[in-house]
Amino acid sequence: MKKWVFWLAALVVLAAMESSLRGLIGAYNYQIVILVGINIILAVSLNLINGYTGQFSIGHAGFYAVGAYTSASVVVYGGPAIRAATAFLPQTAQNAVLLLLGIIAAAIAAGIAGWAVGIPSLRLRGDYLAIVTLGFGEIIRVLILNIDAIGGARGFSGIPQLSNFFWVYLGVLITVVTVHNLVNSSYGRAFISIRDDEIAAEAMGVDTTRFKVMSFVISSMFAGIAGSLFGHYTMYLHPNSFLFTTSFYLIIMVVVGGLGSIEGAILGAVLVTVLLEVFREFGAFRLVNFSILLVLIMIYRPQGLLGAWTLFRTRKPAPATK
Amino acid sequence: METFLQQVINGISQGSAYALIALGYTMVYGVLRLINFAHGDVYMFGAFMGYYLANIPWIKSGVGTSAAGAVFVMLGAMVLSAGLGILIERFAYRPGRGPTRFTLAFWLGLLGAGGGQMAGQTFTSVVLGAFAGIAAGVVLELLGIRPVRQESRLALLIIAIGVSLFLENGGQQAFGADPKFFPQIIPTTSFKVGPLDLDSQRVIVLLVSLVLMVVLNIIVNYTKTGKAMRAVSFNLDAAKLMGINTDRIIAFTFALGSALAAAGGILVSLLYPRIDPLMGVMPGLKAFVAAVLGGIGNIPGAMIGGLIIGMAEVMAVGYGQSTYRDAIAFVILVLILLLRPAGIMGKGMIEKV
């Protein structure tokens, strides 16, 4: 199949679904579908660091926050100027331009943040790296809390709603295709070699430093994109949405689904998001039940539900990480 | 100068509380190489156990007036939390390391108890639910559903996060989500030492943490169990081959760490009496930062790390902006790890190929 046919078909299907979905499944389910999409982007991108490169990051919420706030600031503060410059376009096209600019800014800002966090990963390993990434995530959150122009502790309100099912799932598609192509390329083999044995990888001539930073940057960029889509859907941002517990949930998605498998990350994102909604029926026991289920899954199936299983196998998967 | 000294004293008492929690992290990390994210919640549990013990009717009269009351509350909470630590180890982390019995029965029993509470809201329904869950768990186990032997440290970490979520949310169910006020278990008296204002709480916090750390040091360095603990943390497999019952030592480590966390919880509650089920999240995280700062797995390191974090936080609030309080610990962490990746007292590990 030619590539452009695939993307054209995808665009048509997404646009068709966007126009009918809300009516079909109702506003509440629609919102869950959107959240699932955003979590898929986050989980698949986190999987690049944690699952494929074997570095342990618990700071994904930080990059997510950077993206969300950058994009919202660009649109809120730069919005009027951009709209004036694109006044000749119809309203929908203006919105699309605005959102795309926001997304690009979000990806760049989050990528820079990822680069800044990737640098200490050169020196730190394992649990030390984990706690530093967690620390960076919290530092980012506290900084946002203290910047008044983006709402600080009040939260950032007045963000126009620009993203919807179409944009979120276009983002999902782009993320999945990019990460899939990436991990099946020479870059991906470099990532996986670092995960499996860093010293051997280095001895074989893999520039481990460069690839580790690269995986951080790419992963953060996608987290930024997810943040942008999130902010422009909910129209309101608060630093508490980006607590380290958010990072925990993302790690849960990746590990429950199966570390080092894109399908696993997708399954994990869908499962965790949907389960948390379904468990609402249990009222106050929602998170109690969720946590018990989580513990049991990890005890009885430590490799995650899918393990390293993959649908589009282009090569033999490596055994799960230690 | 006086305010500075005053802040130093505040910092030391805050820091010694962090140090007590950090010790549990570092000991568990030492034996299992596991970041026990549930540890901060054990600290919360300790504070709540202290609260309930101090409110037992026949204790209540003695609390706040006699030393025996305070000691009872403190030791009681430590023992109960040690029990919780052992339970967590037995039913969450040990099955995460290899096959053990009654895991499903334990968790399904809890699930059933929750279900019973939701369905009937009576004691009988809770007990019935719990029994149904336990029965289901035993049957499933007889059918062959057992934990698998695994080497995955990551799965263990997710289990720790799961247990932490469980304790936080279970705590909100069991203790109520609204904050409670910790009773004054020791009488407050203020006095002056030179130009400094001291109160009995701060002095007690300092003294008790000091005593606990000395006791811990004696246990770890001068008893047979302590020797076994050090052996396990040096090399678990070799310790096993030398005839050490490693599972028992690990359980003992959890008990010890949890008791210290409970002590920390009560001491902090003396200074800041507001307690709620989520109170352990941030101190837990910061105590972990303290443990890493000192060099994780290193007991004196945890004490030093705790003091540094506590001191820095108090200084930041006293002289800087209190809104940055939660970031201070992490900024120090990042800076120190960039200079000394193994922490202050940690030994850099040489990687053998």
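Colleague: How many other C-beta atoms lie within 10 Å of B:R33?
Modeller: A residue is buried if 20 or more other C-beta atoms, placed from the backbone, lie within 10 Å of its own C-beta, exposed if 12 or fewer, and partly exposed in between. B:R33 is partly exposed, because its count of other C-beta atoms within 10 Å is 16.

Colleague: On what basis are residues, chains and confidence treated here?
Modeller: Residues are numbered from 1 along each chain as its sequence is written, while chains are lettered from A and ligands numbered from 1 in the order in which they are written. This is a predicted model, in which totals for chains, interfaces and linings use all residues, side-chain atom pairs count only at pLDDT 80 or more, and local features need pLDDT of at least 70.

Colleague: Where is B:R33 placed, and what is its phi?
Modeller: Helices (H or I, at least four residues) and strands (E, at least two) are DSSP runs, numbered from the N terminus. B:R33 is in the loop between α1 (2-32) and α2 of chain B. Most residues other than glycine have a negative phi. B:R33 is not a glycine, yet its phi is positive, at about 55 degrees.

Colleague: Which loop holds B:F102, a residue other than glycine with a positive phi?
Modeller: The phi of B:F102 is near 65 degrees. B:F102 is partly exposed, as 15 other C-beta atoms lie within 10 Å. Its place is the loop between α4 (67-97) and α5 (103-120) of chain B.

Colleague: How far apart are the end C-alpha atoms of helix α2 of chain B?
Modeller: The expected span of a helix is 1.5 Å times one less than its number of residues. Helix α2 (residues 39-54) of chain B has 16 residues and should therefore span 22 Å. Of these 16 residues, 15 are buried.

Colleague: Which residue takes a positive phi just after α8(A)?
Modeller: Helix α8 (residues 208-234) of chain A has 27 residues and should span 39 Å, and its end C-alpha atoms are 39 Å apart, which agrees. The helix is mostly covered, with 20 of its 27 residues buried. Just after it, a positive phi of about 70 degrees belongs to A:M235.

Colleague: What is the bridge partner of B:K192 in β3(B)?
Modeller: Two strands pair if DSSP finds at least two bridges between them. Strands β2 (190-193) and β3 (196-199) of chain B pair in the antiparallel sense over four bridges. They form a hairpin with two residues between them, and B:G194 in the turn has a positive phi of about 60 degrees. B:F191 stands opposite B:L198, and the partner of B:K192 is B:D197.

Colleague: Which element gives the largest share of the side of chain A that touches chain B?
Modeller: Two residues are in contact if their C-beta atoms, placed from the backbone, lie within 7 Å. The contact takes 36 residues from chain A and 45 from chain B. On the chain A side, α4 (126-145), α9 (244-257) and α11 (286-300) are the elements that give two or more residues. The largest share, eleven residues, comes from α11(A).

Colleague: Which residues of chain B does A:V142 touch?
Modeller: A:V142 is found in helix α4 of chain A. It is partly exposed, with 18 other C-beta atoms within 10 Å. Not counting residues up to four places away in sequence, A:V142 touches B:Y324, B:D326 and B:A327.

Colleague: What distance separates the centres of the two domains of chain B?
Modeller: Domain bounds come from an automatic or database domain assignment. Chain B is divided into domain 1 (2-96 + 152-339) and domain 2 (101-146). Taken over C-alpha atoms, their centres are separated by 31 Å.

Colleague: With which residues is A:S193 in contact?
Modeller: A:S193 lies in helix α6 (residues 186-196) of chain A. It is buried, with 20 other C-beta atoms within 10 Å. Leaving aside neighbours within four places in sequence, A:S193 is in contact with A:A201, A:M204 and A:V206.
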